[in-house]
Amino acid sequence: NLKNIRIAIDGPASSGKSTVAKIIAKDFGIIYLDTGAMYRAATYIALNNDLGEDATAIIALLKENPIAFGNSLEGQLVYLGEVDVTDAIRQNDVTNNVSKISAIAEIREYLVEAQREIASHGGIVMDGRDIGTVVLPDAELKIFLVASVDERAERRFKENLQKGIETDLDTLKVEIAERDRKDSTRKVSPLKQAEDAILLDTTGISISDVVAKIENYAKER
Ligand code: CDP
Ligand code: CDP
């Protein structure tokens with residue numbers, strides 16, 4: 001039953017996880033959970049309150065200002081308590097510090113527990129780095145999305161342009177490669193393809209083709 005399916009989508013930055021996950025969630029009428037937004041929200045709290053890598057303090061503030069999701073015409077909204085942090089968590093300072101905060105074991109434990117709770121009723125597509133390996137090891141379908149660094153940097157570049165942000169393509173390539181390196185080499189829950197995940201290389205492949213492939217796998221389950 002597709003209404004109860006749990007789909008795990010992992011992969012490096014800008015491989016297309018959130019774009020395809022949102023479409024699949026809509027098509028199947030299931031929940032979409034952006035776990036990256038949760039690590040970004042934790043990072044935002046750490047930076048804004050000068051907490052460094054003090055996990056206890058970061059978690060205390062996360063408890064006081066819980067991460068919540070909402071919807072608007074422009075897409076999903078992310079809140080910390082009552083505060084809308086949708087745009088703030090996508091800023092460069094957060095992006096460039098998130099790998100450091102997401103490498104802290106206590107932060108991961110806290111967020112993974114919340115993610116499992118949200119998935120406990122099934123009917124969910126979750127995207128991140130460790131969904132298939134750690135968060136939902138028994139998910140009905142696991143996808144590992146990849147694409148070349150050049151293509152991923154170009155995707156981010158275009159995405160930024162649409163938002164009116166001018167970025168340097170070479171800088172983006174370096175930043176993406178660096179975040180991949182940090183995410184794949186950290187000790188706790190590194191970015192890694194689960195043994196039973198299906199590898200999809202999306203280099204040169206349209207969003208609709210990627211979605212169609214994943215939805216076909218889901219229907220086969
Ligand atoms: O959208 P983008 O690929 O830029 O990243 P994201 O999915 O928003 O995730 C931001 C960062 O959060 C990643 O670079 C990881 O460091 C961390 N993350 C993680 O460690 N585990 C997850 N399940 C999701 C994100
Ligand atoms: O969530 P993640 O960081 O993995 O990537 P994303 O934010 O979903 O995708 C990054 C950008 O790549 C978006 O602007 C998508 O529209 C674009 N994209 C694409 O051009 N072709 C694909 N097959 C998938 C995504």
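Is D209 buried, exposed or partly exposed? D209 is partly exposed, because 13 other C-beta atoms lie within 10 Å; a residue counts as buried with 20 or more other C-beta atoms within 10 Å of its own, as exposed with 12 or fewer, and as partly exposed in between, with C-beta atoms placed from the backbone. D209 belongs to helix α9. Between D209 and V20 there are 189 residues in sequence and 9.8 Å in space, C-alpha to C-alpha.

The structure is a predicted model, in which local features need pLDDT of at least 70, side-chain atom pairs count only at pLDDT 80 or more, and totals for chains, interfaces and linings use all residues. Residues are numbered from 1 along each chain as its sequence is written, while chains are lettered from A and ligands numbered from 1 in the order in which they are written.

**Ligand surroundings**

Ligand 1 is surrounded by 16 residues, the closest being A13, G36, Y39, S102 and G128; a residue is near a molecule if its C-beta atom, placed from the backbone, lies within 6 Å of it. Two or more residues of this shell come from each of α2 (35-48), α4 (92-101) and α8 (169-185). Helices here are DSSP runs (H or I, at least four residues), numbered from the N terminus. The largest share of the shell around ligand 1 is that of α2, with four residues. By class, this shell holds four nonpolar, seven polar and five charged residues. Ala, Val, Leu, Ile, Met, Phe, Trp, Tyr, Cys and Pro count as nonpolar, Asp, Glu, Lys and Arg as charged, and the others, Gly among them, as polar.

Around ligand 2 there are 15 residues, of which G16, K17, S18, T19 and R155 are the closest. The elements that give two or more residues to this shell are α1 (17-28), α7 and α9 (207-220). The largest share, three residues, is from α1. Four nonpolar, eight polar and three charged residues make up the shell around ligand 2.

**Helix packing**

| Pair | Angle | Axis separation |
|---|---|---|
| α7 and α8 | about 120° | 9 Å |
| α2 and α3 | about 110° | 10 Å |
| α2 and α4 | roughly 100° | within 9 Å |

The axes of α2 and α4 are therefore roughly perpendicular, where angles under 35 degrees count as roughly parallel, over 145 as roughly antiparallel, 65 to 115 as roughly perpendicular and the rest as oblique. On the α2 side, the contact is made by Y39, R40, A42, T43, Y44, A46 and L47, and on the α4 side by D93, V94, N97, V98 and I101; residues are in contact if their C-beta atoms, placed from the backbone, lie within 7 Å. This contact comprises eight nonpolar, two polar and two charged residues.

Helices α2 and α3 are likewise roughly perpendicular to each other. Their contact joins A42, I45 and A46 of α2 to I58, L61 and L62 of α3. It has six nonpolar, no polar and no charged residues.

Helices α7 and α8, by their angle, are oblique to each other. In α7, the residues V149, D150, R152, A153, E154, R156 and F157 meet L169, L172, K173, I176 and A177 of α8. Seven nonpolar, no polar and five charged residues form the contact of α7 with α8.

Definitions and conventions. Axes are lines fitted to C-alpha atoms, for helices over the stretch in contact, and angles run from 0 to 180 degrees between N-to-C directions. Two residues are in contact if their C-beta atoms, placed from the backbone, lie within 7 Å.
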